[in-house]
Amino acid sequence: MPPYLAIDSLSVAYGGARVLHDVSLEVARGELCALLGSSGCGKTTLLRAIAGFVVPEKGDIRVDGRGITTLPPEKRGTAMMFQSYALWPHMNVADNIGYGLRMRGWKREAIAKRVEEMLALLQLEGFAPRPVTQLSGGQRQRVALGRALAVDPQLLLLDEPMSNLDYKVRIELRHELRALQKRIGITAVYVTHDREEALTLADRIAVLDAGRVVQYGPPEEIFHRPKSAFVAGFMGADNAIAVTRLSDGALSADVAATQGEPLIARFRSDAAEVRRVPPAASDSTLRLAGRIVQTLYVGQGFRYRVHAEGADVWAHADERIDEGTPVSVIVPADALLLFPRAAAL
């Protein structure tokens, strides 16, 4: 089955500076694709190119087999939800949701019916006459989503729509948005810098770095099987230490070792355990000798910064251990993400 959204070798430059480099993506009908990356990586530029607000240097964009690369935004069949929501402050909820329909020449009765459908879909019944200035952040987010969905777009584009909300509301709305997207079956592209948000919402995640897609796949693949040290670090494997894989398969933190394969080991702090005992004989488990330099209480135990083998790593323990105490950091073999050292630097 051909992809619903197809992006082929798309490149964008601003003032001669290349922002996107030959980006290619395919999104199936009904999927939510998350564009994930740090600030300046090109994810919002890619979204705006799909929407028609940015003109690419080269490349092709197709939606449901129809080329839209050269079409103006209003002819693309897309709807965009902005980070600021861009609601009209002088309008009430109903007028904001129906705004796009009025611009398309819908009759008043048809607009009223569609607005009521959106209010019911978003659990905002009774809010039609309320000024948007009297809404909470979560309610404004729903109104902005209703305005985007009201025009029945082929493709829904969302530019970090939850970044202005507090944590509790964000968590609630993530689940609501995911359930709604699945229920109505709309295809969506969602920009975020929050890996937890991407993992929660997306069918597939595109990780961007310096204008390139460095990995694209299902959330569990991106999280558990990153293709590079960069992706591993971005997905939470913040610890990085140089190791050598010896001929018997054991890992050694002796970076001066001349025999064996030089690697970078990345791992998540919640997979590493701090123990008071000295490291045992090496095997496929990574054992690091070090000293605690910082202690943080995180509710379910303690998080420690340990200076080990010339690097600082983060690890967990159930008990409180004083700073300055000699400890071992134990990382199970299945928690290690190993990459060639030269490629990871």
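Axes here are lines fitted to C-alpha atoms, for helices over the stretch in contact, and the angles between N-to-C directions run from 0 to 180 degrees. Welcome to a predicted model, in which local features need pLDDT of at least 70, side-chain atom pairs count only at pLDDT 80 or more, and totals for chains, interfaces and linings use all residues. Residues are numbered from 1 along each chain as its sequence is written, and side-chain values use heavy atoms, with hydrogens and water left out.

**View A. Helices H5 and H6 side by side.** Helices (H or I, at least four residues) and strands (E, at least two) are DSSP runs, numbered from the N terminus. The axes of H5 (residues 137-150) and H6 (residues 167-184) cross at roughly 20° and come within 11 Å. The two helices are therefore roughly parallel (angles under 35 degrees; over 145 counts as roughly antiparallel, 65 to 115 as roughly perpendicular and the rest as oblique). Their crossing is right-handed, meaning that the near helix is turned clockwise from the far one by less than a right angle. Gly 138, Gln 141, Arg 142, Leu 145 and Leu 149 of H5 make the contact (heavy atoms within 4.5 Å) with Val 169, Leu 173, Glu 176, Leu 177, Leu 180 and Ile 184 of H6. By class, that contact has seven nonpolar, two polar and two charged residues; Ala, Val, Leu, Ile, Met, Phe, Trp, Tyr, Cys and Pro count as nonpolar, Asp, Glu, Lys and Arg as charged, and the others, Gly among them, as polar.

**View B. H4 against H5.** Here the axes of H4 (residues 108-121) and H5 come within 10 Å and cross at roughly 135°, so this pair is oblique. The crossing of H4 and H5 is right-handed. From H4, Arg 114, Met 118 and Leu 121 meet Gly 146, Leu 149 and Ala 150 of H5. Four nonpolar, one polar and one charged residues make up this contact.

**View C. The largest cavity.** A cavity is a set of points on a 1 Å grid over the protein atoms alone where a 1.4 Å probe fits but cannot get out, and lining residues have an atom within 4 Å of a point. The largest cavity has a volume of about 50 Å³. Its lining includes Leu 145, Leu 149, Leu 177, Leu 180 and Ile 184. H6 gives the most to this lining, with four residues. By class, the lining has 10 nonpolar, one polar and no charged residues.

**View D. The largest pocket.** A pocket is an open set of points with protein on both sides within 12 Å along at least five of seven lines. The largest one holds about 570 Å³ of space. Of its 20 lining residues, Thr 78, Ala 79, Met 80, Gly 100 and Arg 104 are the closest to the centre. Strand S6 (78-81), helix H3 (99-103) and H5 each supply at least two lining residues.

Definitions and conventions:
Grid points are joined across faces, edges and corners, and a volume is the space filled by probe spheres set on the points.
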